[in-house]
2 protein chains.
Amino acid sequence: MLKKERHAYIMHEIDIHNKVLSSDLSLQLTVSEDTIRRDLQELDEKGILTKVHGGALSKSFHFTLQNKTVFSQPEKKIIAHKARNLIKDGMLVLLSGGTTIIELVKSLPPELNATFITVSVPTALELLDHPNVEVIFIGNKLLKNAQMSVGAEVVQRLSEIKCDLCFLGTNSIDVENGITDLELEVIEVKRAMIRSAKKVVSLAISKKINTTQRMLVCRLEEVDILITELDPAHEILKPYHSTGITII
Amino acid sequence: MLKKERHAYIMHEIDIHNKVLSSDLSLQLTVSEDTIRRDLQELDEKGILTKVHGGALSKSFHFTLQNKTVFSQPEKKIIAHKARNLIKDGMLVLLSGGTTIIELVKSLPPELNATFITVSVPTALELLDHPNVEVIFIGNKLLKNAQMSVGAEVVQRLSEIKCDLCFLGTNSIDVENGITDLELEVIEVKRAMIRSAKKVVSLAISKKINTTQRMLVCRLEEVDILITELDPAHEILKPYHSTGITII
DNA sequence: AATTTATTTGCGTATTTATGCAGTATTAAA
DNA sequence: TTTAATACTGCATAAATACGCAAATAAATT
């Protein structure tokens, strides 16, 4: 087997599993671990995977580690500032959870006089700090990880509402696959949120652009506005323009 | 599992819960606590989390810890410890808001397997940190000061429930006037909570004993158990014994 | 085709890294 | 204060890696 073939095989494995072990590959490809190590080193130098002790990880995996851990992200502040201009006095606004949304809430002007609906406990808590806004929490069973209400009851409630705006903190967005997420229960609620809003706004830091997770929240066509910390004319956003979405 | 994978997992947990325990991680990842400690140390050196005794905290939500530690007065700890013994596995427990209740939640043993219903946002958030409890939030319009749901909707919901226990954080309690409070909207909800519980437990630090506020929540007869930080035989509590209430 | 040249691979060995364990010290809670 | 949980130290072990070198393979040249 040629080196290039091995490399292709390794990258394929990385794409599927997000990681490879040198020992596994050595067996699967019947070459010595030394060879594998050298392969991984080359692929790392090419920048298409991340070599670690014992094997290698997908770059996208590596991103998970970095992006989620960065302290007080300035990107999120930028997004928040762009987003808050969409909110006007008297509006009924639906908010999801997530740190970007929290940042948005923090950046709301104190004199703003609007009503917010949310299913996220931390978002609600943050909203309560604002003197002039009304806060409505749609409750039910709370999901531990996501710290938000989930379940049929929530979906039902949401269906009885028609909001002006819905802001979605977005984990993964992609031209092809739309907005995707991991947990079914969260997705059910997010979909209900989208249905009950006149305009849907996706907030996504650029690292989440062109990433995909297991399960579909909605197609891009269902999103009206996409907000990132980048200039709307940025290279990476070009494919999104053609979908008819407004990019801020 | 590769070290980086562990690190990613840990950071993911941190993002979700704002804190991790070494002991939990050790079990979840099936490595020794030593390894976890070394992991946390590395991540701390990277500056992406804060290592503390027993685990680690998120950098971004560091203030959460401050709040949590600052507010915990020793009296409330004592009350919390007395109260938690009333809660058994499988129970359905109703919780109000307030720092004493928060303290109770914090002192719950991690292995406790019960369902909690609350209308208080901070209480809900605290409950979400417990691995084995189910949390149900009864939502509606949120009241700013009290950080809890209020309104007819909440009262209606509560009326559909029958809980084993109801813990009330108490602002004022008095032999003559019973439990009293300030805000009408809060009182409406508290009354509904009392109605839907088999046993009502009032948690009150001794400063609040023999004080009265404007509006009645309930008469003493409706309360089954009173918990203070004092010895039940304490002088100040004597008049309460004759009302038939159990004092712990 | 034969030979040279360059590249790739495997192996032995020394080194580094990762992890767990035991004993002791320290810290936080009861 | 006492007790239990957690942290630190040093050490042992196993796995992973780096390195040099020689054999094997591929590519290029004559």
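What is the handedness of the crossing of helix 5 of chain B and helix 6 of chain B? The crossing is right-handed, a term that applies if the near helix is turned clockwise from the far one by less than a right angle.

This is a predicted model, in which local features need pLDDT of at least 70, side-chain atom pairs count only at pLDDT 80 or more, and totals for chains, interfaces and linings use all residues. Residues are numbered from 1 along each chain as its sequence is written, and chains are lettered from A and ligands numbered from 1 in the order in which they are written.

The axes of the two helices (lines fitted to C-alpha atoms over the stretch in contact, with angles from 0 to 180 degrees between N-to-C directions) come within 8 Å and cross at roughly 55 degrees. Helix 5 of chain B is therefore oblique to helix 6 of chain B; angles under 35 degrees count as roughly parallel, over 145 as roughly antiparallel, 65 to 115 as roughly perpendicular and the rest as oblique. Helices (H or I, at least four residues) and strands (E, at least two) are DSSP runs numbered from the N terminus. Contact requires C-beta atoms, placed from the backbone, within 7 Å.

| Helix of chain B | Residues in the contact |
|---|---|
| Helix 5 (residues 74–84) | B:Lys76, B:Lys77, B:Ile79, B:Ala80, B:Ala83, B:Arg84 |
| Helix 6 (residues 99–106) | B:Thr99, B:Thr100, B:Glu103, B:Leu104 |

Between the chains, the contact takes 31 residues from chain A and 30 residues from chain B. On the side of chain B that touches chain A, helix 1 of chain B gives the most, with nine residues. Strand 6 (residues 134–137) of chain A pairs with strand 7 of chain B in the antiparallel sense over two bridges; pairing requires that DSSP finds at least two bridges. A:Ile136 has B:Lys141 as its bridge partner in strand 7 of chain B.

Conventions
Contact = placed C-beta atoms within 7 Å.
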